[in-house]
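Here are some notes to read with the model open beside you. Take the points in order and find each residue as you go.

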Amino acid sequence: MNATSLLTASTTPRSARAAFAPRAGSPVTGAAAPAPAASGDVAADEFRSAMASLAAPVTVVTCYDATGTPRGLTASAVSSLSLDPPLLLVCLDRNSRTHDVLVSADSFALHLLGPENEALAKRFAGPTDQRFTHVSLASGPTSHQAPQLADCALRLTCTRYKVIEAGDHSILVGRVTASDCLGRPAGGLVWHHRGFAHAKPAEVTT
């Protein structure tokens, strides 16, 4: 487990990024390849080290591929984007084997993980062919749109709203169509300084 795998939803760090050319019919919009580094840019290792200090939520994003097979990955570059309409975003490494499936899917599900879900986060950052092995899926009104992980306190079902290229990543914007809460506190699992950390509300003193 490493910072790159979680923060960019990749399984292994890469010293070099291959240029990405969208296939015909791809929903990705924008430039076809990342812009070259400017002379004033901070070094990649220095930037990566700085971003390790930024605590990020750990989530699992899932969808069905064209054959109806469940696909998914662990992602921590996730954020709310808009209230009206309700939008969120997920940043995806274009070298990820799950990238093309996710940006092409009509719908996807975002699972907010808690401290009890560390093993789940590691599984979906591991080998792609083992991510759904022995993982329980829930049935529900939106489970036909995207796989719903049963062991998760909060699931958000989204339709693809837009995909934007940004450097070596794609920004997948989803419009939230359903929220499924299991009635227990959600979230609290974060990625910080290249490892898992558990967040909890600060104690309020009077």
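1. Start with the largest nonpolar core, which has 18 residues. Such a core is a set of buried Ala, Val, Leu, Ile, Met, Phe, Trp, Tyr and Cys residues joined through side-chain atoms within 4.5 Å. Buried means under 20% relative accessible area, exposed means over 50%, and partly exposed is in between (1.4 Å probe, protein chains only). The members that touch the most other members are Val 61, Leu 88, Val 90, Leu 92, Leu 102, Phe 108 and Leu 110. At least two residues of this core come from each of strand 3 (59-64), strand 4 (70-75), strand 6 (87-93), helix 3 (99-104), strand 7 (107-112) and strand 8 (154-166). Helices (H or I, at least four residues) and strands (E, at least two) are DSSP runs, numbered from the N terminus.

2. Before you go on, keep in mind that this is a predicted model: local features need pLDDT of at least 70, side-chain atom pairs count only at pLDDT 80 or more, and totals for chains, interfaces and linings use all residues. Residues are numbered from 1 along each chain as its sequence is written, and side-chain values use heavy atoms, with hydrogens and water left out.

3. Which residues does Val 61 touch, not counting residues up to four places away in sequence? They are Arg 71, Gly 72, Leu 73, Ala 75, Val 90, Leu 102, Phe 108, Ala 109 and Leu 110. Contact here means heavy atoms within 4.5 Å. There is also a second, separate core of 11 residues, including Val 135, Leu 149, Leu 189 and Trp 191.

4. Now look at Ser 107, in strand 7. Ser 107 is buried, at 10% relative accessible area. Leaving out residues up to four places away in sequence, Ser 107 touches Cys 63, Gln 145, Ala 146, Cys 158 and Thr 159.

5. Next, the rings: there are two aromatic pairs. Rings of Phe, Tyr and Trp (its six-membered ring) pair if their centres lie within 6.5 Å; planes under 30 degrees apart count as stacked, over 60 as edge-to-face and the rest as tilted. Phe 124 and Phe 132 have ring centres 5.0 Å apart and planes at 85°, so they are edge-to-face. Phe 124 is buried, with a relative accessible area of 1%.

6. The rings of Trp 191 and Phe 196 are also edge-to-face, because their planes are at 80°, with centres 5.1 Å apart.
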